[in-house]
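Q: Please take a close look at the aromatic pairs of this model, and then describe the parts of the structure that surround them.

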Amino acid sequence: MSTTSMVKGTAVPSSLPWPGLLALSTAAFTAVVTELLPAGLLPRMAPALGVPEARVGFLVTGYAVASFAAAIPVTALLRGLPRRPVLVGTLLGFALSNAVVALSSSYGLTFAARLVAGVMGGTLWAMLAGYAARMVPAERRGRAIAVVLAGITLALSLGVPAGTALADVVGWRAAFGLLSALAVLLVGWVRWRVPGFPGEARGERVPPARVALLPGLPVILSVTLFLLLGHQVLYTYIAPFTEHAGFGRTDVVLLVFGASTVAGIWGTGLLVDRRPRATLLGALALCAAVMLALGRYADVPAVLLVSVALWGVAFGGAPTLIQTALVNASGPAASDVATSLQTTVYNAGIAGGSLTGGVVLGSLGAGALPWTALPLVALALTAVALGRRHAFPVVRSRA
């Protein structure tokens with residue numbers, strides 16, 4: 001029996017190409033740790049850069065804004081180039097940015113380096129899911145994407161805390177220096193084990209505006225927006241909500257949530273290629289039930305912790321399910337542009353949810369946060385339920 005199949009003239013293995021997928025997952029890990037590490041190092045970085053801690057926090061904001069702004073135009077500009085050199089260039093950009101941050105004593109130079117990293121991040125996120133999809137047969141796309149996106153979960157649950165702890169031992173500059181070295185080593189790994197794919201021929205390129213209108217894409221993007229709005233309304237302000245509930249241990253709540261997202265990613269990897277629609281409907285229904293439980297019974301510690309654990313399981317798997325649907329709807333060839341659109345919508349959801357949650361917290365109090373999140377998650381659930389033809393079909397296309 002053959003162990004390979006053909007995808008547009010390129011041989012791909014019938015089983016998962018683990019070394020290549022793990023390289024892409026490590027790239028996701030590197031991007032997330034690069035983005036969020038300054039948040040855990042504010043007291044250490046501020047004196048060295050001669051600025052207040054709040055301005056060090058802007059290093060995270062600047063990264064996010066650059067990623068948001070660059071995702072669509074940079075992806076559109078580079079879509080004709082071979083994929084592996086673009087991926088390697090992105091990793092080298094991370095290496096350079098983190099090296100500058102490690103060596104710089106100027107806040108302005110550090111901020112500029114963070115903007116470069118943000119552009120690299122927007123470019124990378126637009127590539128990863130489509131790259132993974134092109135490395136495997138259609139029937140294994142979901143699991144391949146789940147492996148790659150697991151790097152995000154590991155970065156949030158292990159990478160950022162470990163980086164912060166490492167900075168206590170060797171200093172914050174060394175922590176960024178190690179991130180730079182990791183990106184350089186990852187370049188070699190990518191060149192060794194990640195296959196090369198051609199870019200899109202000029203005559204085959206669909207304009208981004210037309211990609212956004214492909215059948216199913218508007219629904220998938222709307223689900224992304226509603227889910228992130230609802231999630232961030234509560235997650236951003238989980239500390240005041242936990243205090244309002246009388247539990248007072250935000251660290252325990254975040255640990256439960258983070259550990260549960262790992263379980264969500266694992267479970268999704270088992271189901272995403274067989275029952276993607278049913279799994280996503282179940283995850284969103286579970287998210288809605290959690291918001292209802294937290295709105296009514298968060299003052300009971302057991303209910304609070306179990307609800308947060310279920311929230312982590314549901315939310316941990318949802319991005320993989322949505323991104324797999326996006327790649328299936330757009331096709332692997334147009335997936336970079338489609339994912340760049342989703343990256344922009346994803347970041348808009350984070351910003352909008354955080355803003356909405358802040359307004360609700362200030363005007364109605366922390367107890368209103370789950371009730372604000374509930375209708376937004378319900379809208380995402382409704383959109384999936386109604387999008388059974390193109391966006392979230394009952395039987396996934398094998399094309």
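A: The count of aromatic pairs comes to six, where rings of Phe, Tyr and Trp (its six-membered ring) pair if their centres lie within 6.5 Å, and planes under 30 degrees apart count as stacked, over 60 as edge-to-face and the rest as tilted. This is a predicted model: local features need pLDDT of at least 70, side-chain atom pairs count only at pLDDT 80 or more, and totals for chains, interfaces and linings use all residues. Residues are numbered from 1 along each chain as its sequence is written, and side-chain values use heavy atoms, with hydrogens and water left out.

Y131 lies in helix α5 and F197 in the loop between α7 and α8 (208-212), so the pair ties together parts that are 66 residues apart in sequence. Helices here (H or I, at least four residues) are DSSP runs, numbered from the N terminus. Both Y131 and F197 are buried; buried means under 20% relative accessible area, exposed over 50% and partly exposed in between, with a 1.4 Å probe and protein chains only.

Y235 and W311 form another edge-to-face pair, at 6.3 Å centre to centre and 85° between the planes. Because Y235 lies in helix α9 and W311 in helix α13, this pair ties together parts that are 76 residues apart in sequence. Y235 is partly exposed, with a relative accessible area of 29%, whereas W311, at 2% relative accessibility, counts as buried. Together with F257, Y235 and W311 form one aromatic cluster.

Helix α11 (residues 250-271) has 22 residues and reaches 31 Å from its first C-alpha to its last, close to the 32 Å expected at 1.5 Å a residue; the expected span is 1.5 Å times one less than the number of residues.

Y131 leads in turn to L24, which touches Y131, L87, L128, A132, M135, V148 and V194, not counting residues up to four places away in sequence; contact means heavy atoms within 4.5 Å. L24 is listed with M45, L87 and F176 as having the most contacts inside the largest nonpolar core, which has 60 residues. Such a core is a set of buried Ala, Val, Leu, Ile, Met, Phe, Trp, Tyr and Cys residues joined through side-chain atoms within 4.5 Å. Helix α5 gives the most to this core, with 12 residues. A second, separate core of 52 residues includes L221, L280, L284 and V384.

The structure holds two salt bridges, each defined as a side-chain nitrogen of Lys or Arg within 4 Å of a carboxyl oxygen of Asp or Glu. In one of them, D168 and R44 meet at 1.8 Å, N to O. D168 lies in helix α6 and R44 in helix α2, so the pair ties together parts that are 124 residues apart in sequence. In the other, the closest N and O atoms of D336 and R83 are 2.6 Å apart. D336 is in helix α14 (residues 335-364) and R83 in helix α4, 253 residues apart. D336 and R83 are both buried.

Definitions and conventions: Helix = DSSP H or I, 4+ residues; strand = E, 2+ residues; numbered from the N terminus.
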